[in-house]
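Below are my notes as numbered points, with the cut-offs given where each term comes up.

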Amino acid sequence: MNSKKQKIAIFTVGLLLVFSIISGLILPYLRNNGNSTVDKGGYQNEEKIVVPDFQFTDGDGNTVNFDDFKGKPIVMNFWGSWCPWCVEEMDDFDRLVGEYGDKVTFIFLDVPNGEDETPQKVEQFLTDNGYSNITSYYDSMLQGCYMFGLNSFPVTVYVDSEGCLYNAAIGMTNYDDVKQIVDSML
């Protein structure tokens, strides 16, 4: 029993250490004196920060690696069908995904609310609302949330084609702001 407790303690300390290191790298981009976006122009300093690989799942429960999407600009939106602000911005995102096509990768990471958020419920939500351009993935193990230090939603993270953190928006965003940032990445 002691061995099991030690392993849990070591794992917890390690997880907190990794979280602290990543938060120290990423959170400065997410803090922005109350503005919804850091800067519509992009990088906050001269040193680029590579977004580490992490895993999430698709609608069938298959594991997906973030690194598989690198190579073109990425717009990663952390959202939930339970979040009214997330739902509010979906019309704009559906339109943007349709407009940018294959030039930009949009990753929508559904975040469970600890209650009844399931892939089936999310897919039904997307279908019922006519969001034909949006494919949702699931941050069910919260790897992305922990890595970026997220505790409120929605959050949109912009990653350049080299896999470096480019920009971020805390809270609800809109068509014009997303388009301006994406255009600056292209």
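1. D160 is buried, with a relative accessible area of 6%; buried here means under 20% relative accessible area, exposed means over 50%, and partly exposed is in between, using a 1.4 Å probe and protein chains only. This is a predicted model, in which local features need pLDDT of at least 70, side-chain atom pairs count only at pLDDT 80 or more, and totals for chains, interfaces and linings use all residues. Residues are numbered from 1 along each chain as its sequence is written, and side-chain values use heavy atoms, with hydrogens and water left out.

2. Which residue forms a salt bridge with D160? The partner is K48, and the closest N and O atoms are 3.9 Å apart. The term salt bridge stands for a side-chain nitrogen of Lys or Arg within 4 Å of a carboxyl oxygen of Asp or Glu. K48 sits in the loop between α1 (2-30) and β1 (55-57), and D160 in the loop between β6 and β7 (165-170), so this pair ties together parts that are 112 residues apart in sequence. For the element names, helices (H or I, at least four residues) and strands (E, at least two) are DSSP runs numbered from the N terminus. K48 itself counts as partly exposed, at 39% relative accessibility.

3. K48 also meets the side chain of E162 in a salt bridge, at 3.5 Å from N to O. This second pair again links distant parts of the chain, with E162 in the loop between β6 and β7 and the two residues 114 apart. At 55% relative accessibility, E162 counts as exposed.

4. A search of the whole structure finds five salt bridges. Another of them joins the side chains of K70 and D67, at 2.7 Å from N to O. Both ends are partly exposed: K70 has a relative accessible area of 27%, and D67 has one of 34%. Salt bridges that share partners join K48, D160 and E162 into one network.

5. What does the side chain of E117 join through a polar contact? It is the side chain of S81, at 2.7 Å. A polar contact is a pair of N or O atoms within 3.5 Å; within protein, one must be able to donate a hydrogen and the other to accept it, and residues adjacent in sequence count only if both atoms are side-chain atoms. Leaving aside residues up to four places away in sequence, E117 touches G80, S81, W82, D110, V111, P112 and V122, where contact means heavy atoms within 4.5 Å.

6. D139 lies in the loop between β5 (136-138) and α4 (143-148). Not counting residues up to four places away in sequence, D139 touches Q55, F56, F78, L109, D110, P112, G144 and C145.

7. Helix α2 (residues 84-100) has 17 residues and reaches 25 Å from its first C-alpha to its last, close to the 24 Å expected at 1.5 Å a residue; the expected span is 1.5 Å times one less than the number of residues. Where does α2 bend? The bend is at M90 and is about 40 degrees, taken as the angle between axes fitted to the seven residues ending there and the seven starting there. The buried residues of α2 are C86, E89, M90, F93, D94, L96, V97 and Y100, and they pack against β3 (74-79), β4 (105-110), β6 (155-159) and α5 (175-185). Just after α2, G101 takes a positive phi of about 50 degrees.

8. In α5, the buried residues are Y175, D177, V178, I181, V182 and M185. Their cover includes β3, α2, β6 and β7. At the start of α5, a side-chain oxygen of N174 reaches to within 3.1 Å of the backbone nitrogen of D176. N174 belongs to the loop between β7 and α5 and counts as partly exposed at 32% relative accessibility.
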